[in-house]
Amino acid sequence: MKLSKVFRISIVLLCTVTSLNSFGQTLANLKTEYLINPIGLDNPNPRFTWQMADARKGAKQTAFRIMVSTDSVALLQEKSNQWNTGWLQTSTCLRAYSGPLLKPFTTYFWRVDVVNDAKITRTKIASFEMGMMNPANWKGAWISDNENVKLKPAPYFRTTFETKKEVKSARAYIAAGGLYELSLNGEKVGNHRMDPMYTRYDRRTLYVTYDVTQQLKAGKNAIGVLLGNGWYNHQSTAVWDFDKAPWRNRPTFCLDLKITYTDGTTETITSGKNWKTALSPIIFNSIYTAEHYDARLELNGWNTINFDDTKWKNVIYRSAPSPNIVAQALQPIRNVEEITAKSIKKFNDTTYLFDLGRNISGVSKIKLSGPEGTVIRLKHTERLYANGRADMSNIDVHYRPTDDKDPFQTDILILHGKGEESFMPHFNYKGFQYVEVTSSKPIELKKEDLVGYFMHSDVPVVGSIKASDPLIDKIYYATNNSYLSNLFGYPTDCPQREKNGWTGDAAIAIETGLYGFDGITIYEKWLADHRDEQQPNGVLPSIIPTDGWGYEWGNGPDWTSTIAIIPWNIYRFYGDTKILKDNYEHMRKYVNHIDETYPTDITTWGLGDWVPVKSVSPVALTSTCYYYADVVILAKTAKILGKEDDFKKYMDLAAKIKTAFNTKYLNQTTGIYNTGLQTELSVPLFWGIVPDEMKAKVAENLAKRVEADGFHLDVGLLGTKAILNALSENGYADVAYRVAAQKTFPSWGWWIANGATTLYENWPIDAKSDISMNHIMFGEIGAWLYKAPGGIKPDESQPGFKNVLLQPYFVEGLNSFEATHDGPYGKIISSWKRNGKGIEYKVTIPANSSATVKLDKERKTYLNGKQIAGGTFNLPAGEYLIELK
């Protein structure tokens, strides 16, 4: 697009007088591929995003220009040697690179200038750096030790090299089958845990890039690599047969250390036959169970320059796990939070019980002293027996050990006996609240000797909830704890018993995750896992990634609709079509498979309403609703991507499914689906398959059914996703809140009343099965708090919160409520409190966006003190006080 002549003249004039931060406006959160100044990117068309930091009412970007250059100084002078979009008349804050080909290993700088009220705002310079971009650019060899796949100790690898010139910059690129920790001159590189992320190893291998400039020394340097098994060499045995994975092998890695000198020359230190290997003190490691460490075997200084490795073995060459080696461009796993023990209980001089006071995913770290050879066992559990000892029975049910050498969630440490020592696992994480420490010889421990680390993908927090009812805040806290406990480069069901990427759990929790956290990088990676796993006929497994388990069980549309639901929600929350483009053909294959397999338009394929309170709804009812939702999403996606023929085809299919479903299940006279259970009424309402003229009647029946059930839940997984939303969106928000805020069984509040700090897998806390105490599958309540009492929703017609839909429900039982969400355009605040019989409602709409506000039209409405017509109205960016009287 071209700017008008007058507009172009104004820009030229303003360029001579406008500087950074002029007119009280700045630009913030410049990101490339949704990361701040990332390095090691492979996407040849990286996406740029930014936000306007401008509190003025109506602040709006009317045009922008992006410039990319390899010269940051020139870029400050508005000179670009790579790409210049020119001035584009648009208010979008997302643009994909489309200039000349970017080069591997090259740092690029970029700036974005925006026009607001004919005034230009310039940004500070941001950067991004390309990585390998092509597997052919690797110079290093894949190496391993020459050991059997069943050998338990983890291997060390080392080499030394010398720098003879002044170093300008250095990057380490490392890919692995398994897990690794990289060190340089005796110090660990970076603060990541559990790299690289889990994938289908024989179809896609991830590599990570590190800036190691500061860790290089003039002269001689040493590189160390410690390899762990991860999911690549799964030595523990459980029902999913990961020990029989087709890719299974002894861990391996490939490394390039690319050094750029100040004179412009480069040198690459690579993995190869000049490396040496030996076994480490990690005598066993399993991502599923635990880690065993024999401190007597420590090789002090093994990764430093002066270590004598003459007795170490030579490495062997190995083939790459897959030919598809791509960048891991996402938020890494970290030890995000250190948690001190809340209490310690001493049973005797060889048995102690530490309580962290909350349930987490992660590891414990212990420091202690004891005689050489003392065996320490650290058993991690979620609950205790009546006698106060650690109870493992609720989380080891799917474990199938072949002997007693690999106890579940039990780290084993053998002391070296040379004074105080400490231990924290390298290649394992667990789900736990309690750590029972037992020793083979008497030891003394105090409360400060053990801490827990809450580990998860370190996604930025972008949302908050604050309610006048403390129970709501506690439920939200528990929901977030469970969500994060199940985010490890892919969404999981639980961090202890399984660690599997169950599709159904992730589909239920997607909105909860996106309201609270900036997780797009994790989900884009996980959808690539979907594409790796999808069969030619469109079928997906129920757990992703998988070794082959899950294609025959649990993978109906009520679970594996993630192929449509996840991309669609990313689009709604970010306004980015890339994930729709990347997955469109995979959605289509999936929908076509169901269409071909179930010509009646009613599908019986699925697990159904998993773990219900008591009532069981037909699988065909819930699965057909999800099938319908998939088809509608596919049709909408086709429309967005300009595929008009597909749009018509799949809208027609959606209409057929809707007709068949309502013919089979809906009583047109009574407005009851099937027998009128909570799930049977709420799921059709939530997914929009109820005829418009029947919605009010069906919703009324749902409200009556909930009342008949004592305002308690009688749903399973699928019903939990639907019920609160179906009530709120159809005139019964007060009923929904009564259900959400219940304190007696079955309810979220019942869990909280019984000490929960995470969400459970089953409503009865004393259930005999399915009783993990850290599951996210009932976590939709987190999203509902944003949508209903918070009233914040994305507008599908202007996605990414370009236009915010604000419709808070001032539910009985709450005196005040605040929801915030930092979306692509900035922070949205929706905050209300009761004032006598009226409501004070404060709203913040970020710059360059707008809002459609929908409130009770029967009340007198005042906007910043002036009466306006009630009901629905639009607002530009800014801060507002709305009073309802």
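How many residues of strand E32 are buried? In this predicted model, the count is 9 of 10. Strand E32 runs over residues 430-439 and is mostly covered.

Two strands pair with E32. Strand E26 spans residues 351-368 and pairs with E32 in the antiparallel sense. This pairing extends over 8 bridges. Within it, Leu353 stands opposite Glu436 of E32. Strand E27, at residues 375-381, also pairs with E32 in the antiparallel sense. Here the pairing covers 6 bridges. Arg377 has Thr438 of E32 as its bridge partner.

The UniProt record, an unreviewed entry, places the feature "domain: Alpha-L-rhamnosidase six-hairpin glycosidase" at residues 462-787. Over these residues the chain is 56% helix and 3% strand. The end C-alpha atoms of residues 462-787 are 15 Å apart. Residues 791-866 are 0% helix and 61% strand. The end C-alpha atoms of this span lie 23 Å apart.

The structure holds 6 cavities of 30 Å³ or more. The largest cavity has a volume of about 100 Å³. Which classes of residue make up the lining of the largest cavity? The lining has 12 nonpolar residues, no polar residues and no charged residues. Tyrosines in this lining include Tyr198, Tyr201, Tyr429 and Tyr490. Met194, Pro196 and Met197 also line the largest cavity. So do Leu179, Trp231, Ile287, Ile333 and Phe488.

The second largest cavity holds about 60 Å³ of space. Its lining divides into 5 nonpolar, 1 polar and 4 charged residues. Among the lining residues are Glu181, Lys188, Arg193 and Asp195. His192 is also part of the lining of the second largest cavity. Further lining residues include Leu182, Val189 and Tyr210. Strand E12, at residues 179-184, gives the most to this lining, with 3 residues. Tyr180, Glu181 and Leu182 are among the residues that line this second cavity.

Notes. Residues numbered from 1 in each chain as written. Predicted model: local features only at pLDDT ≥ 70, side-chain atom pairs only at ≥ 80, totals over all residues. Heavy atoms only, no water. Helix = DSSP H or I, 4+ residues; strand = E, 2+ residues; numbered from the N terminus. UniProt positions renumbered as here; feature names shortened; annotations may be inferred. Buried < 20%, exposed > 50% of the residue type's maximum accessible area, 1.4 Å probe, protein only. Pairing = 2+ DSSP bridges. 1 Å grid on protein atoms, 1.4 Å probe; cavity = no way out; pocket = protein on both sides within 12 Å on 5 of 7 lines; lining within 4 Å. Points joined across faces, edges and corners; volume = space filled by probe spheres on them. Nonpolar A, V, L, I, M, F, W, Y, C, P; charged D, E, K, R; others polar.
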